Each structure stands twice: as C-alpha cells, then as structure tokens.
Amino acid sequence: MTNNGRLAGQTAWVTGAASGMGAAVARLFVEEGAAVAAVDIQAEPGAQVAAQITEAGGTAEFHDCDITDSNAVKASLDRAAASLGPPSIIVNCAGIVHVAKLDEYPESDWDQLMGVNLKSVYLSVRHGMQYLRQFDRSYMVNIASVGSFIAQGDTPAYIASKYAVLGLSNNIAVDYARDGLRCNCVCPGITDTPMLRYHLSTTPDPEETLAMRLKRVPTGVVITPEQIARAVLYLSCEDSAGITGTSLVVDGGYIAPAEWETDTTRFMDVPET
C-alpha cells in the first residue's frame, strides 16, 4: 500500500464493496492511499474484503449497511467520518437487477430495485454533503450502465433506474459545483460481476448467451471489475479536473455501432489486467 498515491490522506465511502466492481474499487483506492469504508448488506464477503485489505497493510473497515435506509446510511457515513476521517469521496457502486417483463413485475421488486439503485444515491448526498463540503475538492462517482442509454430485454426496472442515475448525477453536478464537488457516472458494459452471472443464469445456456452478447462488442471481450475501478479512480481525483456532470462509458465499444458481429480481435489474445 502507498502513502503517496493519488488518494493519499483521503477517506472514501464505497457501496456495493462486498464483490464485483465495488470490491475492486475499494482495493484500488487503498492502493492509491485512501482509507475506505466498504459498505454492503452482504456481511460475510464484505468483511472478508475489508480484512484482506487490512492484512495487506491498507486501511479499511466494513460497514454492514442497508443503503435504502436513511438512518443506516447516515450512521455509516458518521462512523466513517469518526474512525477514518470525513469522506471526501463517495462511490455508489451497489446495484441489483431483476429479470421480468413489466406486466409481470411485482410492485415490491420495483420498490426494492429503485431503493438500491436510485434512492441510495439520493441518501448518499442527503447525508454525505456535510462531509464533502469540508473539502475544497470532493468527488462522487455513481455507477450507471450502458443501460442508461439503451434498452435491454426483460430488465425494465433496471433500465429505468440507470437512466435515472445518469440524470440525477448530472443534477448533483450542477447543484453542488459551488461546494467543490464533482459528480460523474461510470457506465459499464458487459462486466464480469455476480450480477452478470445472475442475469445469464436466467437463460437456457448462460455461456452461449454470453458468447452471443460478446459478438455485439467490437473488442469481443468481457470488461473486468478492475477496469471499471480504474475509471472510477480517474473521476475520483484531480486527474479528471474540469470534468463534472458527464459519463465515462467503459464497454469495449458496445454502444458505438448500430450493428456489429465480432469474429476475432487482438483483445481476445491478450489477458486483461
């Protein structure tokens, strides 16, 4: 771990940190010198992530937190401020997906998904701005999706939530620029996370489904959580000074073409890091 990285001396509050992109963000931020509050409702894997970071010489603590609950979010942010220092970086990584057409979609599932994917962003601002305002420069990065721009079959609530996260992030950027906050989105494409694996598992042949989807991606490969983490890092430090209210799409070119069918590419031959 480094004491002179790009995030040296800062505290980051990262949701969804028990696995996937959130865990990758937590690990990378600590490598860059930050202390990290790893926030998730999945207690065992979340605690493991924080323990692994600590064992490697970094500073992290796990917060078992329901990010849809206002009191829980406030308590977690207050705890982070007291034990690690006031957060200057908030990363909203947590997200869920349900697979169902809208007329078959239970109202309770709609409320749950909107709470995790969208309300949580509101709550992080509601209770986090008191800390972000303490710094001349502070950062919020919200994980949206290529689904913030295009539709996808059988995931209507997820798509609606990710369109909303993109729009809400833009408004946060406008409203809080006077306070020194820059707010941006990272929009992942097909990324190897538990959420992707769950989505694929609802199809008859998950591996064949993935292969078919990757044919629509010009690079032909799955994005890794570590690649998303590097994009989040860029937007969480002064490497991206001047950038706010925008989105960084990390999708291997997925949404660039109207039509595409990939055969082979050089990206397929080189291990992704």
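User: How far apart are D78 and K74 in helix α3?

Analyst: Helices here are DSSP runs of H or I with at least four residues, strands are E runs with at least two, and both are numbered from the N terminus. Helix α3 spans residues 70-83, and D78 and K74 sit four residues apart in it, which means about one helical turn separates them. Their side chains meet in a salt bridge, with 2.7 Å from N to O. This is a predicted model: local features need pLDDT of at least 70, side-chain atom pairs count only at pLDDT 80 or more, and totals for chains, interfaces and linings use all residues. Residues are numbered from 1 along each chain as its sequence is written, and side-chain values use heavy atoms, with hydrogens and water left out.

User: What counts as a salt bridge? How many salt bridges does the count come to?

Analyst: The rule asks for a side-chain nitrogen of Lys or Arg within 4 Å of a carboxyl oxygen of Asp or Glu. By that rule the count is nine. One of them joins D239 and R6, at 2.9 Å from N to O. D239 lies in the loop between α8 (225-235) and β7 (247-250), and R6 in the segment before β1 (11-15), so this pair ties together parts that are 233 residues apart in sequence. R6 and D239 also belong to a salt-bridge network with E32. R197 and D192 form another bridge, at 3.1 Å from N to O.

User: Which strand holds R182? What does the side chain of R182 reach?

Analyst: R182 lies in strand β6, residues 181-188. At 9% relative accessibility, R182 is buried. Now the general idea of a polar contact: a pair of N or O atoms within 3.5 Å; within protein, one must be able to donate a hydrogen and the other to accept it, and residues adjacent in sequence count only if both atoms are side-chain atoms. The R182 side chain reaches the backbone oxygen of I243 at 2.8 Å. A polar atom of that side chain also lies 3.0 Å from the backbone oxygen of S240. Contact in general means heavy atoms within 4.5 Å. Leaving out residues up to four places away in sequence, R182 touches several residues, including Y139, L235, C237 and G242.

User: How many aromatic pairs does the count come to?

Analyst: Rings of Phe, Tyr and Trp (its six-membered ring) pair if their centres lie within 6.5 Å; planes under 30 degrees apart are stacked, over 60 edge-to-face, and the rest tilted. The count is one. Y105 and W110 make up this edge-to-face pair, 6.3 Å centre to centre with 90 degrees between the planes. Y105 is buried at 10%, while W110 is partly exposed at 32%.

User: Which residues form a nonpolar patch on the surface?

Analyst: Patches take residues with over 30% relative accessible area and no salt bridge; like charges are joined within 9 Å, nonpolar side chains (Val, Leu, Ile, Met, Phe, Trp, Tyr) within 5 Å. Areas come from the Shrake-Rupley method with a 1.4 Å probe, and for residues only the protein chains shown count as cover. Here F149, I150 and V249 form the patch, with about 190 Å² of accessible area together. I150 sits in the loop between β5 (138-143) and α5 (156-176). I150 is partly exposed, at 31%.

Technical notes. Buried means under 20% relative accessible area, exposed over 50%, partly exposed in between (1.4 Å probe, protein chains only).
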